[in-house]
Structure formats: structure tokens, C-alpha cells
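Here are some notes to read alongside the model. Please keep the structure open and find each residue as it comes up.

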Amino acid sequence: MSPTTITTTSTNLPHHFKPEDFSKESIPTSKLSHKTILDILNKKCTNSSHHLRQAHAVVLKSGHFQDHYVAGTLVKCYANPYFKNLDFALKVFDIVPKPNVFMWNVLIKGCLENNEPLLVVSLYCKMVAVNCMPNKFTLPAVLKACTLVKAVEEGVQVHAHVVKHRFSGDGHVKSAGIQMYASFGCMEEARRVLGEAEKSDVICWNAMIDGCFKFGDIEVAKEVFEKMPRRNVGSWNAMLSGFLRCGMIEAARELFAEMNERDEISWSAIIDGYIKGGYFKEALEVFYLMQREEIKPRKFVLSSVLAACANVGALDQGRWVHAYVKRNLIQLDAVLGTALLDMYAKCGRLDLAWEVFEKMRPRETFTWNAMIGGLAMHGRAEDAIELFFKMQRNKLKPDGITFVNVLNACAHAGLVDEGLRIFSSMKKLYGVEPEVEHYGCIVDLFGRAGLLADAEDFISSMPVRPNAAVFGALLGACRIHGNVELGEKVGKILLELEPHNSGRYALLSNIYAKAGRWKDVEKVRKLMKQRGIRTTHGISMIDLDGTVHEFKMGDSSHPQMKEIYLMLERIIERLQIEGYSPNTSQVLFDISEEEKETELQYHCEKLAIAFGLLNTTPGTTIRIVKNLRVCKDCHSATKLISQIYHRDIIVRDRVRYHHFRNGKCSCMDFW
């Protein structure tokens with residue numbers, strides 16, 4: 001293990017603090033006590049970099065910097081992830097003469113909290129090199145760092161230090177060692193640590209379960225769980241989190257139901273697991289049960305729940321979470337605030353998203369990205385671009401996600417020249433290297449504008465290998481503009497790149513069907529059958545009074561389905577009076593025109609709209625979320641429905657938002 005050199009330079013710091021920041025009376029800096037200095041650092045400097053710099057100056061001026069406890073506390077403050085100033089923490093540490101183990105522990109912990117595990121391993125090497133003996137607080141952090149960076153050789157050496165310095169019996173050190181070996185797949189070594197020294201407590205057994213799951217050894221994890229001499233709620237949580245991490249949703253659901261005792265971690269794990277697995281409705285149902293059992297959710301749970309609300313368009317439940325945050329005086333930090341504005345934007349309330357954004361402090365890059373993305377989805381391209389430039393005026397550097405959002409905004413609004421200017425500025429002005437996603441945005445930009453030859457030439461000249469998303473953008477453009485020849489060529493490439501993506505087959509079939517090439521449609525269908533590919537069914541969801549109602553074509557399970565069908569028939573009659581004629585080119589079957597019209601009538605978004613008209617008062621906005629793109633026929637029909645029934649209808653499909661009002665759509669039929 002080779003030590004890492006840490007260099008530093010001195011810096012001039014302001015040394016002016018208001019007297020009230022120290023005590024009721026003004027005290028000369030040189031006479032400030034050790035306790036007062038620590039109080040200033042621990043109470044005044046946790047979320048104010050201005051106060052921290054002032055406190056640093058006071059520490060230097062008062063002579064307390066020579067005290068390792070004061071210097072260590074100062075390093076701890078600078079290493080706080082809130083400030084994103086780990087480099088300066090390292091510089092401060094480097095000028096401390098002969099730092100003791102407390103100071104090394106503070107810095108190691110700070111690096112771990114700042115997601116710098118490799119630096120932790122390097123620092124430990126230097127600590128050993130200068131003959132500073134680790135203690136029971138050092139070793140768990142270093143073992144965890146070795147686990148995170150898969151540093152097998154270094155991890156074994158650190159474990160040798162554990163044995164050498166007689167920390168094998170410490171529960172925290174032991175559990176960290178077990179997790180490390182298990183995550184490396186060294187199950188025998190993990191079992192040996194579990195059984196060595198004093199009798200292992202339940203925390204060590206839980207660590208063994210967690211390590212098994214991290215290595216992917218599910219059966220061994222189950223075996224350990226069954227053999228445990230004693231279990232606590234943490235044991236159940238380790239199994240629950242493990243199942244969810246491995247995508248075993250059903251096993252997690254069954255285990256959760258079996259649990260006699262659940263804590264906040266149990267509830268948050270199942271909610272987060274459902275969301276990561278795409279089970280958004282189930283996540284909201286669990287959150288409702290959590291409320292009934294009077295478990296108070298913490299910030300990260302609320303952020304997860306808001307993500308679920310955003311995905312299913314559950315505006316009422318999202319607003320309830322917002323009200324809960326206000327009622328309980330929960331601080332709206334960057335993560336929770338961004339989740340909230342993202343929920344409002346994705347539920348069609350861009351006004352409320354903007355309100356949250358304007359009030360948020362601090363606003364991180366990802367917060368600006370979410371707001372720019374929200375504006376882009378709603379077709380507000382010029383506002384998205386303006387916010388992009390405002391972000392820079394606020395001294396925030398755009399990242400790769402920022403550019404994806406801005407380029408998408410340009411693509412959906414047909415702003416080809418503006419999009420190309422922004423793309424060309426990425427590397428030159430902002431130092432952001434374009435990735436394949438950014439090239440895909442430009443293909444989409446050309447494609448939506450009908451510049452298919454330019455899109456094809458751009459793909460040929462790309463310095464990176466085009467992926468399925470790039471070709472998918474071009475295939476989508478071929479569908480929009482009816483270019484069968486190019487669509488067929490690109491479609492065949494996509495079926496090779498993504499043979500299990502049902503959406504690619506559906507899009508190619510759509511292009512063939514629109515051109516009346518039914519034999520080719522049948523060939524695609526046969527290929528899907530041979531490869532065992534199932535079509536993704538269209539699902540439309542509508543949130544009514546906090547309950548998400550789901551509609552699928554041909555599914556009659558909804559209790560109001562009879563009334564919905566009758567309402568839909570009346571809607572179609574009124575549409576026909578206004579001159580509506582179904583766009584049967586959207587039907588992918590070679591059947592009679594009458595049969596095609598019947599099939600189009602019962603598309604899931606039309607069912608959701610009928611349900612909305614039945615169950616809301618006149619003038620109420622109807623909000624729908626669809627998992628696939630809105631078809632042309634439903635788009636035309638919804639424009640007319642908004643005019644006939646005097647309703648705003650907001651539909652979020654897989655690609656963007658459509659805000660229908662008075663017979664027009666916000667996408668201006670450019671989608």
C-alpha cells in the first residue's frame with residue numbers, strides 16, 4: 001500500500017464575526033475559550049460557508065488551530081457534503097502538524113460522505129505510513145471504502161490490521177469486514193469473520209445477509225437468515241432490501257407481509273423498491289398504509305413518493321405530500337424541492353412547478369435541469385432556452401443532462417438552427433463533451449423537422465457509435481413523415497440492435513400499415529411471435545380525488561365501464577356531427593374500415609377522457625398519463641372534445657405533453 005501525498009497552499013481568510021455570534025458581550029478574539037470556538041464551529045457553521053470562513057479566521061487568530069480537536073472540527077465542517085468543499089478540507093488538514101487519530105478519522109469519514117472511497121483507501125495508506133495507529137472508528141470506514149471500490153488486496157491488508165490491533169471483537173468493525181468479504185464473493189472468509197472472536201451479535205449476521213445480496217448469492221442469504229440465532233427488524237430489512245435490489249419484487253412483497261414489526265426503513269425500502277421496479281401505483285398504496293399506521297416519513301421517503309406521483313400523474317396525492325411538508329415544517333432542500341417541482345411539471349401543473357422553483361434555495365444544477373426539462377416537455381422551448389441562459393447568469397455550470405433537456409426542447413418546437421448552435425457550443429463554451437444521447441437529440445431535431453437526409457448524414461458523421469436510441473429517433477421521424485424506404489432500412493437495423501424491444505416492431509409495423517403493405521406487417525408480426533416478443537399494451541391513467549384509475553383497451557374490469565362505454569358513444573356521435581372522421585391508418589390490422597373505426601373508438605385515452613367527463617364538474621381540467629405515444633386519431637379526437645365540451649385536457653404520453661384547449665393542442669401538431 002503506497003501513501004498518497006496531499007499538498008496545500010495557505011489562504012487569506014476574513015476575520016470578522018458579529019459579537020452576538022460568540023456571546024452576549026463582545027469578547028476579544030484572543031480570549032475566546034476552547035468551548036466557545038467549538039460551539040461556533042458546531043452550531044454556526046453547518047450550513048453557512050460565510051460563517052465557516054469567518055470561524056476559520058477566528059481559529060487561526062486565537063491560536064486554537066494547534067488544538068487537534070478544534071482543527072479536526074474545522075476539517076469536519078469543510079468536509080460537510082453540503083459545502084462541496086472537500087478539496088479545501090484536505091488543504092486545511094495538510095497544514096496541521098502531526099494530526100492525531102481523531103483528525104484522520106474526521107477526514108476519512110468526510111471523504112466517505114463525499115463519495116470518495118478511493119481517497120479513503122489512499123489516506124489510510126498515508127496514515128499507516130506516518131505511524132498513526134487506527135482505532136475502532138477508523139477501520140469500519142476503511143473497510144467500507146474497500147468494499148465500494150472492490151479493493152480486494154487492500155481490504156485483506158486492512159483486515160490484517162484489525163487482527164493485529166485486536167479489534168476483531170468490535171461489532172462495527174466485524175460487520176464491516178463481513179460485508180466486505182461477502183461483497184467480494186469470499187464467502188468462506190466472511191463466515192470466518194462471523195464466527196471469530198466473541199460471539200457475533202445480530203448486526204454481524206445482518207451484515208452477512210447484506211453482503212450475500214451484494215454479491216448476488218441469494219440462496220446463501222436465505223440460508224443465513226434461516227440459521228440466525230436471533231433476528232431483529234434490521235434482519236428482516238436486510239432481506240427485504242436484498243430482494244428488492246435483485247429485482248425480486250414478489251418475494252419482497254411476501255416478506256413485507258410476513259413482518260411482525262416494521263420500522264421506517266422497512267416502509268421506505270418497499271416504497272423505493274416498488275418505484276425502481278416501475279410499480280408506482282403499488283408504491284402509493286404502501287405509502288397510504290404507512291400513513292394509516294402513523295409512521296412519519298422522512299425526506300427521502302417523501303422524495304420517492306413524489307417520484308411515484310409524477311410517474312402516474314397522481315396530482316392530488318402529490319399536493320397532499322406538499323401540504324404535509326408545509327404542515328410539518330420540513331425544510332425544502334434541493335433534493336426534496338426538485339422532486340416536488342418535477343412532480344408538478346409531470347402532472348401538468350407547470351405553474352406550481354415554477355412557483356416551487358422560484359422559492360427554492362439552494363438550487364442545484366439538477367434543480368435547474370428538472371425545471372428546464374419540465375418546460376421542454378410542455379413545449380415551452382423558448383422559456384427552456386431562456387432558463388438555460390439564466391442558469392449560467394446564476395454562476396451554475398450546465399452538465400450533460402442540461403443539454404439533453406434544452407436540445408429536446410428545440411427538437412419538439414422545430415428550432416433547428418437554435419438547437420444546432422447550442423449543440424456546437426457544448427464543448428467550445430462549456431467544456432461538456434457531447435455523448436451519444438446528445439447526438440440522438442440532433443437526429444431527433446432534424447427528423448421532426450422533416451430533414452431526414454440531414455439526419456442520416458449526421459448519423460454517418462458521428463464520432464461515436466450510434467446506439468438504438470439514435471436510430472429510434474430516425475425511425476420515429478420516418479413514421480411522422482411517411483418515409484417507408486428509409487423507415488424499413490432503419491427498422492431492420494433496430495431489430496438487430498434491440499431484438500426484444502416490442503416498441504421497435506410496433507413502429508415498423510405502423511410504417512408498413514400506413515403504406516398499406518399488409519404482407520410486411522404480417523412478416524413483422526410473425527417475427528415477433530418467433531422471438532417471443534409481446535406487444536406493450538396502451539394504458540391511460542387518470543387521478544380522481546387521490547385515486548388513480550387505469551384504463552386498457554378491451555379491459556372491462558372498471559366498475560363504471562358500462563357508463564363509460566355509453567358516454568364514449570355519445571362523445572363519438574357529437575364528434576361526427578362536428579365532422580370528425582377516424583384516422584384508420586393507425587390500425588395495424590388488414591380489416592374492414594368499419595372494424596378499424598370500432599377499434600379506434602375504444603383506445604385507452606378515449607376511455608379515460610370519457611371517465612373524466614363523467615366524474616368531474618363542467619370546466620374541470622382532465623389530466624391523463626399514457627405509457628405510449630398518443631396516436632394521430634386520438635390526438636385529432638381530443639382536440640375536438642376539448643372544443644365541444646369546453647374542457648382543458650392535458651395528456652402526457654411517452655414523449656411529451658399535449659395541452660388541448662378550444663380545439664387546439666400546445667404541440668401545434670408538431671409531435
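**Notes on the model**

1. The domain assignment of the protein chain gives domain 1 (363-371 + 380-434), domain 2 (436-531) and domain 3 (539-665). Between the C-alpha centres of domain 1 and domain 3 the distance is 34 Å. Keep in mind that this is a predicted model.

2. Residues 201-235 are 77% helix and 0% strand, and their end C-alpha atoms lie 11 Å apart. For residues 263-297 the content is 74% helix and 0% strand, with 10 Å between the end C-alpha atoms.

3. Next, the aromatic rings. The structure holds 22 aromatic pairs. One of them joins Tyr 82 and Phe 83, with 5.4 Å from centre to centre and 80° between the planes. This pair counts as edge-to-face because its planes are over 60 degrees apart. Are the two residues buried or exposed? Tyr 82 has a relative accessible area of 45%, so it is partly exposed, whereas Phe 83, at 16%, is buried.

4. Phe 403 and Tyr 430 make a tilted pair, because their planes meet at 55°, and their ring centres are 5.4 Å apart. Which parts of the chain does this pair tie together? Phe 403 lies in helix H23 (residues 400-413) and Tyr 430 in helix H24 (residues 416-430), so the pair links parts that are 27 residues apart in sequence. Phe 403 and Tyr 430 are both buried. Ring pairs also link these two residues with Phe 388 and Phe 389 into a cluster.

5. Charged side chains also meet aromatic rings. The charged end of Arg 262 sits over the ring of Phe 256, at 4.1 Å from its centre. Arg 363 lies over the face of Phe 357, and here the distance to the ring centre is 4.5 Å.

6. How many cavities of 30 Å³ or more does the structure hold? There are three cavities of that size, and the largest cavity contains about 50 Å³ of space. The residues that line the largest cavity include Gly 313, Lys 346, Cys 347, Gly 348, Met 541 and Tyr 657. Strand S3 (622-626) and strand S4 (649-652) each supply at least two residues of this lining. Arg 623, Ile 624, Val 625, Ile 650, Val 651 and Arg 652 are also among the lining residues.

Note on methods:
Residues numbered from 1 in each chain as written. Predicted model: local features only at pLDDT ≥ 70, side-chain atom pairs only at ≥ 80, totals over all residues. Heavy atoms only, no water. Domains from an automatic or database assignment. Phe/Tyr/Trp six-rings, centres within 6.5 Å; stacked < 30°, edge-to-face > 60°. Buried < 20%, exposed > 50% of the residue type's maximum accessible area, 1.4 Å probe, protein only. Helix = DSSP H or I, 4+ residues; strand = E, 2+ residues; numbered from the N terminus. Lys NZ or Arg CZ within 6 Å of the ring centre and 35° of its normal. 1 Å grid on protein atoms, 1.4 Å probe; cavity = no way out; pocket = protein on both sides within 12 Å on 5 of 7 lines; lining within 4 Å. Points joined across faces, edges and corners; volume = space filled by probe spheres on them.
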